[in-house]
Amino acid sequence: MRYAPIDNKLFIANREKLIKQLKPGSIAILVSNDLMPKGADGFFPWRQNPDLFYLTGVDQEETFLILFPDAPLEEWKEILFCA
């Protein structure tokens, strides 16, 4: 295990704080960091975007978080894509 378990209520509260700061009709899109090439045949060690981790607790490449508080459907308000 890479991290000690973190209560998911922390990440829910973090998202709520961000959503309160968004202007009406706003959409926030956060992505994990890209793999950075070291040379022709390798990459630097991957590190998660700290903003995405702060809001989700997810530490995985190719992850996207979309926050759309004014979405017409409840299930569109927070969407997490993991590849």
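Let's start with F81: at 43% relative accessibility, this residue counts as partly exposed. That label has cut-offs: buried is under 20% relative accessible area, exposed is over 50%, and partly exposed is in between, with a 1.4 Å probe and protein chains only.

A word on the model. It is predicted, so local features need pLDDT of at least 70 and side-chain atom pairs count only at pLDDT 80 or more, while totals for chains, interfaces and linings use all residues. Numbering runs from 1 along each chain as its sequence is written, and side-chain values use heavy atoms, with hydrogens and water left out.

Back to F81. Where does F81 sit? In strand β5, residues 78-82. Strands here are DSSP runs of E, at least two residues long; helices are runs of H or I, at least four; both are numbered from the N terminus. Now its contacts, meaning heavy atoms within 4.5 Å. Leaving out residues up to four places away in sequence, F81 touches E62, T63, F64 and I66. A28 is 53 residues from F81 along the chain, and their C-alpha atoms are separated by 14 Å.

Next, the patch. Which residues form the nonpolar patch on the surface? I27, I29, V31, F64 and F81, with about 460 Å² of accessible area together. The areas come from the Shrake-Rupley method with a 1.4 Å probe, and for residues only the protein chains shown count as cover. Patch members have over 30% relative accessible area and no salt bridge; nonpolar side chains (Val, Leu, Ile, Met, Phe, Trp, Tyr) are joined within 5 Å, like charges within 9 Å. F64 is one of the members. It lies in strand β4, residues 63-67. Its relative accessibility is 38%, so F64 counts as partly exposed.

I29 and V31 take us to strand β1, residues 28-31. Which residues are on its covered face, and which on its uncovered one? A28 and L30 are on the covered face; I29 and V31 are on the uncovered one. In a regular strand, side chains alternate between the two faces of the sheet. β1 pairs with β4 in the antiparallel sense, over four bridges. Pairing of two strands takes at least two DSSP bridges between them. Within this pairing, I29 stands opposite I66 in β4.

E62 is in the loop between α2, residues 50-56, and β4. Its phi is near 55°, a positive value in a residue other than glycine. Buried or exposed? E62 is exposed, because its relative accessible area is 53%.

Now the helices. How many aromatic pairs does a search of the whole structure find? One. It is F11 with F53, edge-to-face, 6.0 Å centre to centre and 80° between the planes. F11 lies in helix α1, residues 8-21, and F53 in helix α2, so the pair ties together parts 42 residues apart in sequence. For the terms: rings of Phe, Tyr and Trp (its six-membered ring) pair if their centres lie within 6.5 Å; planes under 30 degrees apart are stacked, over 60 edge-to-face, the rest tilted. F11 and F53 are both buried.

I6 touches both F11 and F53, again not counting residues up to four places away in sequence. I6 is in the segment before α1. It is partly exposed, at 42% relative accessible area. I6 and G57 are 51 residues apart along the chain, yet their C-alpha atoms are separated by 7.9 Å.

N14 is in helix α1 too. It is buried, with a relative accessible area of 5%. Beyond its neighbours within four places in sequence, N14 is in contact with Y54 and L55.

Last topic: charges. How many salt bridges does the structure hold? Two. A salt bridge is a side-chain nitrogen of Lys or Arg within 4 Å of a carboxyl oxygen of Asp or Glu. One joins R15 and E78, at 2.9 Å, N to O. R15 lies in helix α1 and E78 in strand β5, so this pair ties together parts 63 residues apart in sequence. R15 counts as buried, at 13% relative accessibility. E78 counts as partly exposed, at 39%.

K77 and E74 also meet in a salt bridge, at 3.7 Å, N to O. K77 is partly exposed, at 25% relative accessible area. E74 counts as exposed, at 58% relative accessibility.
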